[in-house]
Each structure stands twice: as structure tokens, then as C-alpha cells.
Amino acid sequence: MSYETQAREQAERLRAAGHATILAIESSCDETAAAVVRDGREVISSVISSQIPLHAMYGGVVPEIASRKHVESVDPVVDEALAKAGMRLEDVDAIAVTYGPGLVGALLIGVSAAKALAFAANKPLIPVNHIEGHVSANYVAHPDLVPPFVCLVASGGHSHIVRVDDYGVYTLLGQTMDDAAGEAFDKAARVLGLPYPGGPLLDKLSREGNPHALTLPHVKTPGRYDYSFSGLKTALINAVHKLRQNGQDVPAADIAASFQYAAVELLSDKAVLAAKESGAKVLALAGGVASNSGLRNTTNDKCQRSGLRLVMPPPILCTDNAAMIGSAGFYRLMRGEIAGMDLNAMPGLRLV
Ligand code: KG4
Ligand code: ZN
């Protein structure tokens, strides 16, 4: 019997049973990660190997270096995830992998490794969208969470507000017109001389500053739920240059706090508005920027005032990881969405 036939039969059996333990692989950017996840909700093990120190000296992710490091890391990371779960490859039911969006060379490493494992062990291969993975981190963190809900996905490459109508069914409510939220945080951090990725460092620094020291513009966008961050970034850069030209001290903590305040107001205002106006009862946060302390606190306050339940993953599940891919993979498997050995990386893959 061919691999394809066996994998499809196995997928059908798992679907009928409604249970699956999935080995998931993530390599879309600068983290090589693997996890074992049961039934989309329970993380048995999760291993993340970050490449951040390798890229920091270049001020951003260098795709070629990322690919090479993924090649080195993927096997040991998978082995470690299986070992921590106390399992062998034969013990998992299926293999899930991020196939886009992301850096093509980086994605290809994870996709190739997942294909090899699936083929060798005769297991179904499940293709997962990285953005759907971020949304699904909330299923891991909140076992009672079920669609429908509205989700703000804010990461280094994406800023979307989506309505999750059902597992795998999304309606795009808004998105960024230019920079992603995480990109804006990283660029603002760079102006302050913070190393890549500056988002978490800017977050930390901002706790010591005055958020009202600088007034940054609330950028208007044509769509009610759309974002624009490039105006905010330019306003920040101009303000810093002006201070420097005038020979004035640049109070880094005040600038960080002012930027964070403006970005968080923008992100939370629109996400809460979108949730309220679409009749949702729950708003979820996802993506690396969802680990921002200001965004978590401010959105929580606004949700309480609006009678919305706010859910968000713990910070370690907001930034890139494979547990979220294992969760998304489970729901894809339950819908019968598996891939063949012709699965390819799709760097520009969209969620909707
Ligand atoms: O989701 P993620 O790990 O990778 C992508 O899919 O892009 O997001 C990484 C982004 C980076 O831009 C990083 O600076 C930002 O998330 N980030 C933060 C914080 N933690 C991570 N931005 C602001 N505050 C944070 N605490
Ligand atoms: Zn991500």
C-alpha cells in the first residue's frame, strides 16, 4: 500500500476517534521548535531553540543564517521533544508542520524534516498556517475556549484582527496597511539603541518611563479595524532626532513608554471595537506582541469595561513555538486536511 493511502486511512481513523497525539514542527523564522500535543489542547512537551543571539549582531534576521541554523537544530529539537514526552516517533499519531507564511529557506527545513518523519513512520502529514498557529495558542492556554471569538494577531510579520467563526474558519476584519506591530516595536527600539529584537526590551524599559512625555499621533486608517504603524514610527524617529539636534538629552525610558502607550492604545482600541461590533463575547490576543505587558493590561481593562472576556496565552506561547502548531494541526486533522509528499513551503501564505 502506498504511503499516501496508508496516511489517509490513518487520518480517517483518527478523525473518527476524535483523538490524536501530534508531533509538531515550527521553523518559519528564527526559532526551531518541536512539541508533542494531545487532542489539540494538552502540551506533553515543547522545545524551543532560539536563534536570536545569532541574528542580534546584524540587527535583524538574516535568512541564510536562519536556514543553516534550522538544519543543525531541527533533528535534536525533535528528538528532545519526543524524549521529554517519553515517546518514540512510532508513538505519535501524526506530524504537523508550519508551511507558511515565513522565510522560504527556513520553512523548507521544517517541511522537509516533517515529510521525512511522516514518510519514515507512515504517519499523516498536516500542513499548518503559522498565523492559525498563533490563534490556536489560545486553545492550549484555555481548554474551555471554543469558537466563535475575535482574535488580534500581532507578531513580527503580521497584524490582523480576525473573527474565528469555527475551527479553521476565519473572517478578516482588519489588518495593517504597512508595518506589522512587532516590526514597529523593533524599529522604535532600534532608534533607542536597543538590540534586536527590541520589542521585549522596549516593553521592559517603558515601565520606568512616562507614557505621556511625548504625544504621538493616533494614525487614521480607511478601514475601521485596520492599522497603520509607519506614521507612528516616523513620528517617534522625528521626535528623537529633534531632541538630539537640539542637544537635548533623549530620555530613553520616556520615549519607550510614550511609544508603547500609543501603539497599545491603537492595538487595543481597534481590537475591542471589532469584538464589540461583531457581537463577540470573547476577545483573544495572539502573536509575539501579545506578550507585551502594556497590551495585556490595557486590553484587559478595556474588555472589563466592555463586558468582554479576554483570553491570552502566557508569553511563552505568544512568541513562536510548536505547541501552537500542534493545536492547529489537530483541528486540521479533524477536518481531514492532510498533505502529501508534494507539500511545499508557501512564504506568502495567507490566513484568509
Ligand atoms: O510571533 P513572533 O514570535 O514571530 C513572528 O511570527 O513574527 O513575534 C515576534 C515579534 C518581534 O517583533 C518582537 O519584538 C515582538 O514580537 N515582541 C514584543 C514583545 N515580545 C515579543 N513586542 C512588544 N513587547 C513585547 N513584550
Ligand atoms: Zn510567529
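1. In this predicted model, an oxygen atom of ligand 1 is 3.0 Å from a polar backbone atom of D320, a polar contact being a pair of N or O atoms within 3.5 Å (within protein, one must be able to donate a hydrogen and the other to accept it, and residues adjacent in sequence count only if both atoms are side-chain atoms). With G182, a backbone N or O atom lies 3.2 Å from an oxygen atom of the ligand. The side chain of D186 places a polar atom 2.6 Å from an oxygen atom of ligand 1. The protein buries 90% of the 550 Å² that ligand 1 exposes when taken alone; areas are Shrake-Rupley values with a 1.4 Å probe, and for residues only the protein chains shown count as cover.

2. There are 20 residues around ligand 1, and G156, D186, D203, G288 and N292 come nearest (a heavy atom within 4 Å).

3. The model is predicted, with local features needing pLDDT of at least 70 and side-chain atom pairs pLDDT 80 or more, while totals for chains, interfaces and linings use all residues. Residues are numbered from 1 along each chain as written, chains are lettered from A and ligands numbered from 1 in the order written, and side-chain values use heavy atoms, without hydrogens and water.

4. The largest pocket has a volume of about 1000 Å³. Its lining has 35 residues, with S155, G156, D186, Y196 and P197 closest to the centre. On a 1 Å grid over the protein atoms alone, a pocket is an open set of points with protein on both sides within 12 Å along at least five of seven lines, a cavity is a set where a 1.4 Å probe fits but cannot get out, and lining residues have an atom within 4 Å of a point. Points are joined across faces, edges and corners, and a volume is the space filled by probe spheres set on them.

5. In the pocket lining, α6 (181-191) gives the largest share, six residues; α5 and α7 (198-206) each supply at least two. Helices are DSSP runs of H or I, at least four residues, numbered from the N terminus. By class the lining has ten nonpolar, 16 polar and nine charged residues (Ala, Val, Leu, Ile, Met, Phe, Trp, Tyr, Cys and Pro nonpolar; Asp, Glu, Lys and Arg charged; the others, Gly among them, polar).

6. The count is one cavity of 30 Å³ or more, and the largest cavity holds about 40 Å³. E132, S136, Y139, Y167, G168, Y170, A328 and Y331 line it. Domain 1 (3-137 + 319-334) and domain 2 (147-313) both contribute to this lining, so the cavity lies between them; the bounds come from an automatic or database domain assignment.
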